[in-house]
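Me: Hey, can you walk me through this protein? I'm new to reading structures.

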Amino acid sequence: MRRRWFTGTVLAMVLMLATSTTASAGGWATVEMEKPVTRVEVDEEMTLDFLLLQHGVTPTGWTKTYFEATNAETGETMRVDATPGSEVGRWTVDVTFASAGTWNWAIKTEELMVEGDFPALEV
């Protein structure tokens, strides 16, 4: 009986430590665009190169990263996966807008919350 209680207590402590370590690790990143977007046309491919920095410091190449945009007028949405570059933390995404309008967009990851300002694009 005492052995079961002891084993259960140890397992509970290990589980609590594992969860608290994961939670305290933090999960955010920032994006630094290589160059500003100056011109966007319907049906013309646009390439975005950017640096993804975990906690705003460490180049990150391990996360599933993508471009996401929504047309403010029509509600149309799009998602395009980014491709890791030759250096850790460098990413590229090729985007083609199928319709004109004001597009709100962001670079996102499945694992990290991305902080940053992404001004709307006029297509």
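**Buried share and core**

Me: How much of the protein chain is buried?

Reply: Buried residues, meaning those under 20% relative accessible area with a 1.4 Å probe and protein chains only, make up 31% of the 123 residues. Keep in mind this is a predicted model, where local features need pLDDT of at least 70, side-chain atom pairs count only at pLDDT 80 or more, and totals for chains, interfaces and linings use all residues. Residues are numbered from 1 along each chain as its sequence is written, and side-chain values use heavy atoms, with hydrogens and water left out.

Me: Which residues touch the most other members in the largest nonpolar core?

Reply: Phe67, Phe97 and Trp105, out of 24 residues in that core. A nonpolar core is a set of buried Ala, Val, Leu, Ile, Met, Phe, Trp, Tyr and Cys residues joined through side-chain atoms within 4.5 Å. Strands that each supply at least two of its residues include S1 (28-33) and S4 (65-71).

Me: Switching topic: where's Thr60, and is it buried or exposed?

Reply: Thr60 is in the loop between strand S3 (58-59) and S4. Thr60 counts as buried because its relative accessibility is 0%.

Me: What lies 2.9 Å from a polar atom of its side chain?

Reply: For Thr60, that's the backbone oxygen of Thr58.

Methods. Buried means under 20% relative accessible area, exposed over 50%, partly exposed in between (1.4 Å probe, protein chains only). Helices (H or I, at least four residues) and strands (E, at least two) are DSSP runs, numbered from the N terminus. A polar contact is a pair of N or O atoms within 3.5 Å; within protein, one must be able to donate a hydrogen and the other to accept it, and residues adjacent in sequence count only if both atoms are side-chain atoms.
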